[in-house]
Amino acid sequence: MNVAEILEGCRWFSRVEERGFQRLAAMARVVRFEKGATIFREKQPCPGVFVVGSGLVRVYKVAAHGKEHVLHMVGPGNTFAEVAAIGGFDCPANAEAVAPTECALLPCEPFRRLLEEDHSVCMGMMLGLTLWVRQLVDLLEDVVLRDAVGRIARYLLDADADAEGTVELPTLKRHVASHLNLTSETLSRTIRRLVEAGLIAELDGNRVRLLRRDRLQRVADGLISNL
């Protein structure tokens, strides 16, 4: 993929006018990471806004005692490090490629200048930041108000499914478990409960198919607790 193709696939820039989009494409460069590569570490200077074209990125925090917590998994069409880039501060978390990953990188300084000068780019980023805040609120709601089965049901419903309702999970399910504040054992046990209840089916290659979206939604909403 080239820079323009990656940026065109990002909804944050869907409202950017042609002139602003061309400036974005001119400042960006393609960066590639092997599976397991560290993209940046917490407290390092922020290199800019990353737009994922292909692959998957894990953004996570590490506690003083070593425990990791996944803040979010970033796939194609989405961005990360945008808050630090706009605010001009160091990276507040770590980022790692959990699959071979290709991104467009918008360096901090030229990107911030463009935000000051181009209204359509600024509005597009404001929309993106509201979506990011919404994700954080949803994550807090999951941890505080939902049990394990409700969290996993919501995660599956929010994932990008194909036309047949198939969702591909990250290769390492412990990353999903960390994101949902669960242990790997609890994640596996709860997925089995959903399978036995006929709401989902496990396929090969870390894929699951959503069979009963209606009931899965009721589980996510806390309206069904006994499976």
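# Briefing: packing, cores and cysteines

I200 touches L156, I191, L194, V195, R209, L210, L211 and L216, with residues up to four places away in sequence left out of the list. The structure is a predicted model. I200 sits in strand β10, which spans residues 200-202, and with a relative accessible area of 2% this residue is buried. From I200 to R23 the C-alpha distance is 45 Å, and the two are 177 residues apart in sequence.

**Helices α6 and α8**

- Helix α6 (residues 148-158) and helix α8 (residues 184-196) have axes that come within 10 Å and cross at roughly 75 degrees.
- Because angles of 65 to 115 degrees count as roughly perpendicular, α6 and α8 are roughly perpendicular to each other.
- On the α6 side, the contact is made by A148, V149, I152 and L156; on the α8 side, by T186, L187, T190, I191, R193 and L194.
- Sorted by class, this contact between α6 and α8 comprises seven nonpolar, two polar and one charged residues.
- Helix α6 is mostly covered, with 10 of its 11 residues buried.
- The buried residues of α6 are A148, V149, G150, R151, I152, A153, R154, Y155, L156 and L157.

- Q217 belongs to helix α9, residues 213-220.
- With 36% relative accessibility, Q217 counts as partly exposed.
- Q217 and G150 are 67 residues apart along the chain, and their C-alpha atoms are separated by 8.8 Å; G150 is one of the buried residues of α6.

**Nonpolar cores**

- The largest nonpolar core has 42 residues, of which L7, F13, I39, F50, F80 and L106 touch the most other members.
- L106 touches F13, L24, M27, A28, P47, G48, V49, V51 and F111, again not counting residues up to four places away in sequence.
- Another core, of 24 residues, lies apart from the largest one and includes A148, L182, I191 and V219.
- Two of these named residues, A148 of α6 and I191 of α8, also take part in the contact between those helices, and I191 is among the residues touched by I200.

**Cysteines**

- The count of disulfides comes to zero.
- The cut-off for a disulfide is a pair of cysteine sulfur atoms within 2.5 Å. The sulfur of C91 is 4.5 Å from the closest cysteine sulfur, in C46, and is therefore too far for a bond.
- C91 is buried, at a relative accessible area of 3%.
- For C122, the closest cysteine sulfur is in C10, at 15 Å, which is likewise too far for a bond.
- C122 counts as partly exposed, at 28% relative accessibility.

**Positive phi values in loops**

- K43 has a phi near 75 degrees, a positive value in a residue other than glycine.
- The loop between β2 (38-40) and β3 (48-54) holds K43, and this residue counts as exposed at 65% relative accessibility.
- N181 has a phi near 60 degrees, also a positive value in a residue other than glycine.
- The loop between α7 (173-179) and α8 holds N181, which is partly exposed with a relative accessible area of 36%.

Conventions:
Residues are numbered from 1 along each chain as its sequence is written. This is a predicted model: local features need pLDDT of at least 70, side-chain atom pairs count only at pLDDT 80 or more; totals for chains, interfaces and linings use all residues. Side-chain values use heavy atoms; hydrogens and water are left out. Axes are lines fitted to C-alpha atoms, for helices over the stretch in contact, and angles run from 0 to 180 degrees between N-to-C directions. Helices (H or I, at least four residues) and strands (E, at least two) are DSSP runs, numbered from the N terminus. Angles under 35 degrees count as roughly parallel, over 145 as roughly antiparallel, 65 to 115 as roughly perpendicular and the rest as oblique. Contact means heavy atoms within 4.5 Å. Ala, Val, Leu, Ile, Met, Phe, Trp, Tyr, Cys and Pro count as nonpolar, Asp, Glu, Lys and Arg as charged, and the others, Gly among them, as polar. A nonpolar core is a set of buried Ala, Val, Leu, Ile, Met, Phe, Trp, Tyr and Cys residues joined through side-chain atoms within 4.5 Å. Buried means under 20% relative accessible area, exposed over 50%, partly exposed in between (1.4 Å probe, protein chains only).
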